[in-house]
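Trainee: Could you show me how to read strands and helices in a model like this one?

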Amino acid sequence: MDKLDAAAIALPGVEVRVVDRCTSTNTSIFEKPILGPILLAAEEQTAGRGQRGRRWHSPRGAGITFSLAAPVRRPARELAALPLVAGVAVARALRALGTPVALKWPNDLVVGEAKLGGILVESRAGVAVIGVGINCRRVAGLEAQLGRRVAFLEMPDRNLVTAELGRALLEALQEFEARGFAALRGQWQAMDVNAGRRLRVRLADGTTMSGLSQGISEDGALRMLTRKGVREVRSGRVVSARPA
């Protein structure tokens, strides 16, 4: 598989860095002052992170792993929608490249029922760092290790894909800056893999909730029709989904 190359990823107005190895690209970006837009890509992460502290597996050269740091000036209460903003951006770019990606709330990229990648967003002092991880090369035993189906991009030019994803993220952030999540909410719902399905969601406190998916709210919360009426979930993960 091709090696990552900062010159091949070049984005106007963005400092692009490529490292051979790091703990996680999000963590590494925060280790130095962020003076402007930065994209940091890594061949290997030794401590990659997913949603709510779960480990993100990123063997050397097997995927696309990068973080994009950019200023965000929307009110703090709106920043919870950033993983969904990033999901729209990444899905749009991958669809344009020919991969039929869908979105699974809150931060998964899927092809059919298989996970292709994920997004981790962290915000500090007016800067959002968007971490993206995408499986590119099949890794023996990965599905058994994770206990779930996994999809792979199977695109040889990781530099091209990384550049396209970076551009798409910058465009989506501009839309978010100008009009908030309302600018992207409809697009997210149009790519929702679980639209209209019956879901079971594990909440942040470890309990579960079941109900019929009702899309997402104006701030990006998952809306579910339960026996107690429509509920909104702002922190949790979908553990099962089936037709209504």
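Mentor: Let's take a strand with its partners, then a helix. This is a predicted model, where local features need pLDDT of at least 70, side-chain atom pairs count only at pLDDT 80 or more, and totals for chains, interfaces and linings use all residues. Residues are numbered from 1 along each chain as its sequence is written, and side-chain values use heavy atoms, with hydrogens and water left out.

Trainee: Is strand β6 mostly buried or exposed?

Mentor: Buried means under 20% relative accessible area, exposed over 50%, partly exposed in between (1.4 Å probe, protein chains only). Strands (E, at least two residues) and helices (H or I, at least four) are DSSP runs, numbered from the N terminus. Nine of the 11 residues of β6 (residues 114–124) are buried, so the rest of the structure largely encloses this strand.

Trainee: Which strand joins β6 through eight bridges?

Mentor: Two strands pair if DSSP finds at least two bridges between them. That strand is β7 (residues 127–135), running antiparallel to β6; here I119 stands opposite V132. β5 (residues 108–111) also pairs with β6 in the antiparallel sense, over four bridges, and L109 has G117 as its bridge partner.

Trainee: Which residue takes a positive phi in the hairpin of β6 and β7?

Mentor: A125, near 50°, in a hairpin with two residues between the strands.

Trainee: And what does helix α5 pack against?

Mentor: An α-helix has 3.6 residues a turn, so residues three or four places apart point the same way. In α5 (residues 158–179), the buried residues include V161, L165, L169 and F176. The helix's buried residues pack against elements including α1, β7 and α6 (contact: heavy atoms within 4.5 Å). After α5 comes G180, with a positive phi near 75°.

How values were computed. The expected span of a helix is 1.5 Å times one less than its number of residues.
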